[in-house]
Amino acid sequence: MDWLLTLWFILIAVLWCGYLFLEGFDLGVGMLIGLGRADEKRKRVLLNTIGPVWDGNEVWLLTAGGATFAAFPHWYASLFSALYIPLVLVLLALIFRAVAFEYRGKATTLVTRRLWDLALGLGSLVAAFGVGAMLALTTTGLPLDANGDRVGGAFAWLNGYALLGGLAVVLFCLIHALAFLTLKTDGPIRHGANRRFTRLVLPAVLPLLGWVLIVVSRNSSVAAWALTALAVAALLGSWLSAKAGREKLAFLGLGLMLLGGVAAIFTAAYPVVLPSSLDAAFNLTVHNASSTTSTLQLMSVVAAFGVPLVLAYQAWTYWVFRKRLREEHIPEPHAVLSVVD
């Protein structure tokens, strides 16, 4: 049933949009904390803006991978085996990042606290770069043979497209974090984030727009070009809104730019899910990479109930923690006595 194949291709694209939008700003905040030059109190403000939501945002990555495995197992097998090294690095980065969230506040010396900051910053950077490289290669191609196996050595995937995709996602995460901080903080942090966002947003998204144009230009799709135009218009609207001090519109405009760009990429790529750079005859498509019809039908029933619940829970979480944070809200560091001898 072709409509089921198209439906799950769209759902996987939506999951990646959700991941890049939600996890994007908290990866960016992690980089600002770990690799920036803010003082301790400002770092704690930044940490508290994403503290209640960062682990929930990562669910979108797991769901995107799981949906790909279940709906298009040949796509999953070829992609994950060809990119084994970068995906392991992403996994390690996410582990170090998660541990840093939990242990940074327990550091008893300045040196250990800085080490946890570094783990948070580098973990966020490597995770963002690795995910961007993987998505770029998914849409531009890998050296796959007729069996879907990678041809070449362990680093055959490392090319200009991988670097472009990695850079695109890293820069987007950083600029998205600045837009997020204008909504979640107040005082000097908020105003500083708005100034930097206004100054940097246009050059920061150039690699992402370049990636979009590369994929769309390879496939003459009117819908993909229309979505690209939407992304550019949304970007300009975001920039103008930030200049006018309309921070919510700036944040939403940047999100719409991301949605339009990712939608343009997936629209241009369809029905190919993983192109082969060796021969177009070896491309994996929604037809030759999918599960059985009965599997897709069962997944659709589960998703019809599960996805709305996840969306409702996350929306509720963001609503509960919607208040702005200021440096005055952060208490001074103090010793805590253990109740256990």
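Reply: A residue counts as buried when its relative accessible area is under 20%, as exposed when that area is over 50%, and as partly exposed in between. The model under discussion is predicted.

Me: What percentage of the residues of the chain count as buried?

Reply: The cut-off for a buried residue is a relative accessible area under 20%. Applied to the 341 residues of the chain, this criterion gives a buried share of 49%.

Me: How many helices and strands does the chain hold, and what is its radius of gyration?

Reply: The chain contains 13 helices and two strands. For 341 residues the globule rule gives 20 Å, and the chain comes close to that value, so it is as compact as a globular protein of that length. Its C-alpha trace spans about 65 × 55 × 40 Å along the principal axes. The radius of gyration is 21 Å.

Me: What share of the contacts with a separation of 6 or more comes from residues 24 or more positions apart?

Reply: A contact here requires heavy atoms within 4.5 Å. Among contacts in the chain with a separation of 6 or more, the share from residues 24 or more positions apart is 81%.

Me: At what angle do the axes of H8 and H9 cross?

Reply: Helix H8 covers residues 160-184 and helix H9 covers residues 188-204. H8 passes H9 in a left-handed crossing. Their axes come within 8 Å, and the crossing angle is roughly 150°.

Me: How many nonpolar, polar and charged residues make up the contact of H8 with H9?

Reply: From H8, the residues involved include Leu171, Ile175 and Thr182. On the H9 side, Arg190, Asn194 and Phe197 are among them. By class, the contact has 10 nonpolar, two polar and two charged residues.

Me: Is Thr109 buried or partly exposed, and which side chain does its own side chain contact?

Reply: Thr109 lies in the loop between helix H6 (84-103) and helix H7 (110-140). Its relative accessibility is 37%, and Thr109 therefore counts as partly exposed. A polar contact of 2.9 Å links the side chain of Thr109 to that of Thr112.

Me: How far apart are Ser81 and Asp149 in space, C-alpha to C-alpha?

Reply: Ser81 belongs to helix H5, residues 73-82. With a relative accessible area of 41%, Ser81 is partly exposed, and its side chain reaches the backbone oxygen of Ser78 at 3.2 Å. Ser81 and Asp149 are separated by 68 residues in sequence, while their C-alpha to C-alpha distance is 7.9 Å.

Conventions: Residues are numbered from 1 along each chain as its sequence is written. This is a predicted model: local features need pLDDT of at least 70, side-chain atom pairs count only at pLDDT 80 or more; totals for chains, interfaces and linings use all residues. Side-chain values use heavy atoms; hydrogens and water are left out. Axes are lines fitted to C-alpha atoms, for helices over the stretch in contact, and angles run from 0 to 180 degrees between N-to-C directions. Helices (H or I, at least four residues) and strands (E, at least two) are DSSP runs, numbered from the N terminus. A crossing is left-handed if the near helix is turned anticlockwise from the far one by less than a right angle, and right-handed if clockwise. Ala, Val, Leu, Ile, Met, Phe, Trp, Tyr, Cys and Pro count as nonpolar, Asp, Glu, Lys and Arg as charged, and the others, Gly among them, as polar. Buried means under 20% relative accessible area, exposed over 50%, partly exposed in between (1.4 Å probe, protein chains only). A polar contact is a pair of N or O atoms within 3.5 Å; within protein, one must be able to donate a hydrogen and the other to accept it, and residues adjacent in sequence count only if both atoms are side-chain atoms. The radius of gyration is taken over C-alpha atoms; the globule rule is 2.2 Å times the number of residues to the power 0.38.
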